[in-house]
2 protein chains.
Amino acid sequence: MMGLSASEINTRPKDPPLFRRFTSTGLLDRTDTLALAQLPWSKQSLAPHDRFEANQSFSIVAAGILCRENRTPEGRRQLLGMILPGDVCNYSLVTGLKPMTTQVAMVRSTVLTTDLDRLTALIELRPRILSALLAHLTIDNAMTEELVLSLGCRSALERMAHFLCEIDYRLGRMGLSENHQFTFSLTQAELGHYLGLSAVHVNRTLQELRRRKLISTQGSRVALTDIGGLKAVGGFSPAYLTGTPAFAHRLGAA
Amino acid sequence: MMGLSASEINTRPKDPPLFRRFTSTGLLDRTDTLALAQLPWSKQSLAPHDRFEANQSFSIVAAGILCRENRTPEGRRQLLGMILPGDVCNYSLVTGLKPMTTQVAMVRSTVLTTDLDRLTALIELRPRILSALLAHLTIDNAMTEELVLSLGCRSALERMAHFLCEIDYRLGRMGLSENHQFTFSLTQAELGHYLGLSAVHVNRTLQELRRRKLISTQGSRVALTDIGGLKAVGGFSPAYLTGTPAFAHRLGAA
DNA sequence: CGTTAGCTTGAAATCTGTCAATGATTGTGG
DNA sequence: CCACAATCATTGACAGATTTCAAGCTAACG
């Protein structure tokens, strides 16, 4: 257990950008962020395929990629959401319900965890933190809805293009994508589990995107070489990733 | 504007079951429900295809069916969720963000709306109401995730079977389905927009379910004649529709 | 009673999945 | 540092599910 060092609190690119997503909502000010950072966080390392469970705590991804997943009774697997650095793993604190889905590390990842009681106490002092959590929860849900749109309405090529745009955007705002280039090491089978496609078809879809000069790849390094074209193919627009405040809401602001 | 009559507060089958879903979480007691019912609710009637927007208020469906929907930039339509009697239309009060999706009445519907300020004030007095809202929000999100599972992993027949089981379950707990028979008057095209299928294929899928004696229909009346078989085909299990409390959570319980 | 929306049917086209085999890459232990 | 094993990516041929198109039918509604 430790508080976070100054460099980890820093929310500019290149520094560990832990709370950048929180500040990016505009709902937290610097003092909120500092107060959050000074909670006692414990760091946990996860190997690929490790389940992550944090029912009685609150966690944020510091590095790597987790996924929420679900399976049909027969065992077919569906990934429901990508949890990237800066994202909250577990909203039980807010929802009061057990998470209904499993979370799994897709690559080697590290997660920061803090105690629920302490965070609850902090929220009493700084209700904006609760607002920010609720905003994040809502945006995560909007991402799930966008996935429904992809699975229901878009072809394989469109889904993949849309997906890459989303990941680029989300990594970019955390300082983990530059010039639309980033490291992303899911297997094609895993991509398929997320996009509702077979591994073979993921492969062919990526080839088609390369053939059209929309992307290029080397190993786990991805470059979106024609971000405009990719957005056009995928019908991507990032509105759902930001959210717009409805009004000053006063829940818990007593 | 009016408070609700005694019969509308009643949460047993056959009486207007407005707050049955709230009590069903086990998070509200009778005094909470009464307090909710005594807020000034205004009733609104919606015709099919009417948009419903309630950003600055809080609404519950009293009768009919609304859907959240979203469209690709090219205009392809995807329904994201079915909002049935007893369901909350709008969680802006809780999330603090503008809803990111449109809501549309699928059939003639009525919606009850109350003022945000009054509800907020009531929540200060009765924080369990906030807990209940958060639980509902979480369950709605779990339904979206189950839709992702359907779209990503299940065949047309499985999706349809699963869908019918879910609707039966949800209507049933509100007293609107008996013996697995209920009235449900969406067009096949609309079902397709929800399940990610073409209208033609929806038709063939329903025929196949009838041929297997799993369902029967007369007009908008649906009977699940072999609920066990239907659940087996769809891989349906209602766990995601109830949620399990994680712990007594104290947000706002100050 | 006519009109319109919705339902049903068939045939053909398309997309995506499955199967099976072959390369390429990565990580590990010697 | 190399060799090996295991995982992952790629390819081709084929099968299957679903869409599209087009037409006819039915039922609800003014």
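This is a predicted model: local features need pLDDT of at least 70, side-chain atom pairs count only at pLDDT 80 or more; totals for chains, interfaces and linings use all residues.
## How the two copies are arranged

## Where chain A and chain B meet

At the interface, 49 residues of chain A are in contact with 48 residues of chain B. On the chain B side, at least two residues each come from strand E4 (77–83), helix H4 (92–95), helix H5 (116–125) and helix H6 (127–153). H6(B) gives the most to this side, with 15 residues. Sorted by class, the side of chain B that touches chain A has 21 nonpolar and 21 polar residues, along with six charged ones.

The interface also fits with the pairing of the copies: 100% of the interface residues of chain B are interface residues in chain A too, so the copies meet through the same surface.

## The surroundings of DNA strand C

Now to the DNA. DNA strand C is surrounded by 15 residues, and the closest come from both chains: Ser155(A), Val200(A) and His201(A), together with Thr187(B) and Gln188(B).

Three helices each supply at least two residues of the surface near DNA strand C: helix H9 (199–211) of chain A, and helix H8 (188–195) and helix H9 (199–211) of chain B. H9(B) provides the largest share, five residues. As for residue classes, this surface has eight polar and seven nonpolar residues, and no charged residues.

Conventions: Residues are numbered from 1 along each chain as its sequence is written. Chains are lettered from A and ligands numbered from 1 in the order in which they are written. A residue is near a molecule or strand if its C-beta atom, placed from the backbone, lies within 6 Å of it. Helices (H or I, at least four residues) and strands (E, at least two) are DSSP runs, numbered from the N terminus. Ala, Val, Leu, Ile, Met, Phe, Trp, Tyr, Cys and Pro count as nonpolar, Asp, Glu, Lys and Arg as charged, and the others, Gly among them, as polar. Two residues are in contact if their C-beta atoms, placed from the backbone, lie within 7 Å.
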